[in-house]
Amino acid sequence: PELLPFAVKIKRIKPSAKVFFDSHENYAHDIEEKSYIPFFLRPVIARIYNAYERYAVGKMDAVIAATPAIRKHFRNLGAYSIDINNYPFEDEFSQLGSCDDKKYDVAYIGAISRIRGVRFLVDACVIQPEKRMIMAGTIENRDFENELRGRPGWSNVEYIGQVDRRKIQEVLSSSRVAAVTF
């Protein structure tokens, strides 16, 4: 979203340029969840951002959304929007094999943040200590990472950071289930 002003400027300078906004989140909604913004300011900032976003995407040729819900949000703002879903393809599951011989019980792949409920997955690892979870993605910030690493369930988590699509297929193939908590 911080690039929207540049996108608007590009369209102003060169109206024939094709400009797309690739949005993976409903940012106005996300602002209301940001703990680093004082609680009383969140709705005000979200409304201001929403108004600017409406103006800016009206100048774009299209918005590419990561989910149907985000696509709908932008269509409601009057923008032409399509969704290119951000999840594995069905054929990536063709080599999964039996659940009995998996290295991990649970896989979590994606943004690792408070709003996604990842802390609860880590906490659940304490319930059955013999269970293993693999986690791939970028952690929201250093404070949240330290909080996760300090939880008792973290000892049952293998954190591998941001990975490519090939590694995601490998992670899924070595896990019994994948958790989606958002």
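In the predicted model, strand 1 (residues 20-23) pairs with strand 2 (residues 62-65) in the parallel sense. Four bridges join these two strands. Strands of a sheet pair through backbone hydrogen bonds, either parallel or antiparallel. This pair belongs to an open sheet of three strands, in the order 1-2-3. The pairing in this sheet is parallel. Strand 1 and strand 3 (81-83) lie at the edges. Each has a single partner strand, so one side of each is left without a neighbour in the sheet. From one strand to the next, the twist averages 20°.

Two residues of strand 5 show how the strands line up. Met-135 stands opposite Tyr-108. Ala-136 is the bridge partner of Ile-109. The side chains of strand 5 point in two directions. Met-133 and Met-135 point one way. Ile-134 and Ala-136 point the other way. All four of these residues are buried.

The helices were examined next. Two packed helices are described by the angle between their axes and the distance between the axes. Helix 3 (residues 42-57) packs against helix 4 (residues 68-76) at an angle of about 80°. Their axes are 10 Å apart. The angle makes helix 3 roughly perpendicular to helix 4, because values of 65 to 115 degrees count as roughly perpendicular. Helix 3 brings Asn-50, Glu-53, Arg-54 and Val-57 to the contact. Helix 4 brings His-73, Phe-74 and Asn-76. By class, two of the contact residues are nonpolar, three are polar and two are charged.

Aromatic rings give another view of the fold. Four aromatic pairs are found in a search of the whole structure. One of them is formed by Phe-21 and Phe-74. Their ring centres are 5.8 Å apart, with 85° between the planes. The arrangement is edge-to-face. Phe-21 lies in strand 1 and Phe-74 in helix 4, so the pair links distant parts of the chain, 53 residues apart. Both Phe-21 and Phe-74 are buried. Phe-74 also takes part in the contact between helix 3 and helix 4.

Tyr-27 and Tyr-49 form another aromatic pair, also edge-to-face. Here the distance is 6.5 Å centre to centre, with 75° between the planes. Tyr-27 belongs to helix 2 (residues 27-31) and Tyr-49 to helix 3. The two residues are 22 residues apart, and their pair links distant parts of the chain. Is each tyrosine of this pair buried or exposed? Tyr-27 has 18% relative accessibility and therefore counts as buried. Tyr-49 has 14% and therefore counts as buried too. The cut-off used here is under 20% relative accessible area.

The loop between helix 2 and helix 3 holds Ile-37. With a relative accessible area of 13%, Ile-37 is buried. Which residues does Ile-37 contact, leaving aside its neighbours within four places in sequence? They are Ile-31, Arg-42 and Ile-45.

The whole protein can now be summarised. Its secondary structure comes to seven helices and seven strands. Along the sequence, these elements follow the pattern α-β-α-α-β-α-β-β-α-β-α-β-α-β. The C-alpha trace spans about 60 × 40 × 25 Å along its principal axes. Of the 182 residues in the protein, 35% are buried. Contacts across the sequence were also counted. Among those between residues at least 6 apart in sequence, 66% join residues at least 24 apart.

Notes. Residues are numbered from 1 along each chain as its sequence is written. This is a predicted model: local features need pLDDT of at least 70, side-chain atom pairs count only at pLDDT 80 or more; totals for chains, interfaces and linings use all residues. Side-chain values use heavy atoms; hydrogens and water are left out. Axes are lines fitted to C-alpha atoms, for helices over the stretch in contact, and angles run from 0 to 180 degrees between N-to-C directions. Angles under 35 degrees count as roughly parallel, over 145 as roughly antiparallel, 65 to 115 as roughly perpendicular and the rest as oblique. Contact means heavy atoms within 4.5 Å. Ala, Val, Leu, Ile, Met, Phe, Trp, Tyr, Cys and Pro count as nonpolar, Asp, Glu, Lys and Arg as charged, and the others, Gly among them, as polar. Two strands pair if DSSP finds at least two bridges between them. Rings of Phe, Tyr and Trp (its six-membered ring) pair if their centres lie within 6.5 Å; planes under 30 degrees apart count as stacked, over 60 as edge-to-face and the rest as tilted. Buried means under 20% relative accessible area, exposed over 50%, partly exposed in between (1.4 Å probe, protein chains only).
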